[in-house]
Amino acid sequence: MSISIFILGLKGGIGKSRLSYELSKYISGKKFKKVLLIDNDSLSTLSNVLGHYGDGLLDGFDLRSSLKEIDGIFMLKLRNKVYLLDKSYDNERLEQLKSILSRNWDYIIVDNYVGILEENPIIRSIYEFSHTKIGIFISDDLSLDSTIRYSISWNQLDSKHVILINRVYNTADIIDKTILDLILNQNVTNYVEGLNVRRTDRADIS
């Protein structure tokens, strides 16, 4: 069973994919953990940026094409075909996904498409293999209220965190590692229902 971290939000272009990768790299490199990074974005942005041009698991292809090791992280690409976003959850493909999730991952990091719901079959499958489920909701000032309402709809997470991004990322800006450590090192059994809203301008994890 793994610790699963879901990167979520209601707007594109504010850093979900960037955070997913940097968080995966941080956990793998600094904490020496085995990490599975799942690209569940509708546009496969993260896969394309990292040079994973293989086919997605949900497109009907096997693991040799969809699961790659990149920068010491195992990356699973789920789709190439955006038009199949809500039509690619047949039992055979979900069983293939579960066979990957059942491996001994310390962490599973999931970069999700905008506005995905907790009832999504991919999310439900990951839940089956998670002993701790953490949601990180990325927002800007304009979408903060909507993002908080969205986070409330995810009611089976063990903890939720809203990170408010004050400006758009560039290649040198990622979430401050002190924020990540607060999230990763929390005592979930003592978690009090509610939201942790954190604000960041510039982040440097190195």
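1. Let's start with the rings: a search of the whole structure finds six aromatic pairs. Rings of Phe, Tyr and Trp (its six-membered ring) pair if their centres lie within 6.5 Å; planes under 30 degrees apart count as stacked, over 60 as edge-to-face and the rest as tilted.

2. A word on the source: this is a predicted model, where local features need pLDDT of at least 70, side-chain atom pairs count only at pLDDT 80 or more, and totals for chains, interfaces and linings use all residues. Residues are numbered from 1 along each chain as its sequence is written, and side-chain values use heavy atoms, leaving out hydrogens and water.

3. Now look at Phe 137 and Tyr 150, an edge-to-face pair with 5.7 Å centre to centre and 85 degrees between the planes. Phe 137 belongs to strand S6 (residues 130–139) and Tyr 150 to helix H6 (residues 144–152), so the pair ties together parts 13 residues apart in sequence. Helices (H or I, at least four residues) and strands (E, at least two) are DSSP runs, numbered from the N terminus.

4. How buried are these two? Phe 137 is buried, with a relative accessible area of 0%, and Tyr 150 is buried at 8%. Buried means under 20% relative accessible area, exposed over 50%, partly exposed in between (1.4 Å probe, protein chains only).

5. Both rings also belong to a cluster, in which ring pairs link Phe 6, Tyr 127, Phe 137, Tyr 150 and Trp 154.

6. Finally, the charged end of Lys 133 sits over the ring of Tyr 127, 5.2 Å from its centre. This requires NZ of Lys or CZ of Arg within 6 Å of the ring centre and within 35 degrees of the ring normal. Lys 34 lies over the face of Trp 105, at 4.8 Å from the ring centre.
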